[in-house]
Amino acid sequence: MLTRSVADTALFHDVASGAIDVDVDHAPAPSVPFSQAAASAPGALRIAYSTRFPPGVIARLDGDAGRALGETVELLRSLGHEVEERDPDYGAAAMGAVTVRYLRGIHDDARAIAHPERLERRTRGMARLGGMIPPALLERALAGEEQFARRLGGVFEDHDLLLTPATASPPPRIGRLEGRGALWTLNAVAGMVPYNGVWNVTGQPAASVPAGFGTDGLPRAVQIVARPNDEQTLLSLAAQIEAERPWAQQHPPGFS
């Protein structure tokens, strides 16, 4: 879900979680409404930051993305937070676990739709790759997720949040991936967003927070990751960053 402000994000999650009671069929509401968390100062936090890629990802950190992270680190320090470099323990098999679920999910979804032949050629190619993943490998990947989450969660034993670049590189130009095959596209996209997939697997709350513009005039962002079920701290810090560095009314040159 993309929004233009932290308050809007918090309101959406309040509705979706049942903190604002609009539906009897929902998960238990959070103890503190997300909107309240977004309107509250976070206090002094212990924040880790990292630019390390998970093993197996072919990527290069763009200079603007690195600067956006560095400037956010300095902003957080100026706000009284304790910020230090600390890499998560991804483990050698991190991207394997992500890729198995990702490709097998594409395969299963493609088989479930009414007209899979209408899918883009590359999507059909990814579905074929997913079909090569045997059920036993998927089951093994799923069975290992709890241990994987514990290892990744080690960074939160001494820190409240983790900060990474949101993307390693700027968005590709239109047509750059046109005509490429499924495997080539998969590797290219993984190199653009190497910091995100592992947290999708663990299910931890994470947010992409605007962090200024690059030399190309396009926006850059940082990713903030929180402990499991700690959306409140995540939203509180994101709102503090927004207050110090407002973004809702900013536009890249040439856009209105």
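A pocket, on a 1 Å grid over the protein atoms alone, is an open set of points with protein on both sides within 12 Å along at least five of seven lines. In this predicted model, the second largest pocket comes out at about 460 Å³. Of the 19 residues lining the second largest pocket, Met95, Val98, Tyr102, Ala190 and Gly197 sit closest to its centre.

The largest pocket has a volume of about 1,400 Å³. Its lining runs to 45 residues, with Leu2, Thr3, Ser208, Val209 and Pro210 closest to the centre. Strand 4 is the top contributor to the lining of the largest pocket, giving 8 residues. Other elements that supply at least two residues each include helix 1 (6-17), helix 9 (197-202), strand 5 (219-226) and helix 10 (231-244). The class tally for the lining of the largest pocket is 25 nonpolar, 16 polar and 4 charged residues.

Back to helix 4, which also packs against another helix. The axes of helix 4 (residues 94-112) and helix 6 (residues 135-143) come within 9 Å and cross at roughly 130°, so the two helices are oblique to each other. The crossing is left-handed. On the helix 4 side, the contact is made by Val100, Arg101 and Arg104, which meet Leu137, Leu138, Ala141 and Leu142 of helix 6. By class, this contact has 5 nonpolar and 2 charged residues, with no polar ones.

Terms used: Residues are numbered from 1 along each chain as its sequence is written. This is a predicted model: local features need pLDDT of at least 70, side-chain atom pairs count only at pLDDT 80 or more; totals for chains, interfaces and linings use all residues. Side-chain values use heavy atoms; hydrogens and water are left out. Axes are lines fitted to C-alpha atoms, for helices over the stretch in contact, and angles run from 0 to 180 degrees between N-to-C directions. Helices (H or I, at least four residues) and strands (E, at least two) are DSSP runs, numbered from the N terminus. Angles under 35 degrees count as roughly parallel, over 145 as roughly antiparallel, 65 to 115 as roughly perpendicular and the rest as oblique. A crossing is left-handed if the near helix is turned anticlockwise from the far one by less than a right angle, and right-handed if clockwise. Contact means heavy atoms within 4.5 Å. Ala, Val, Leu, Ile, Met, Phe, Trp, Tyr, Cys and Pro count as nonpolar, Asp, Glu, Lys and Arg as charged, and the others, Gly among them, as polar. On a 1 Å grid over the protein atoms alone, a cavity is a set of points where a 1.4 Å probe fits but cannot get out, and a pocket is an open set with protein on both sides within 12 Å along at least five of seven lines; lining residues have an atom within 4 Å of a point. Grid points are joined across faces, edges and corners, and a volume is the space filled by probe spheres set on the points.
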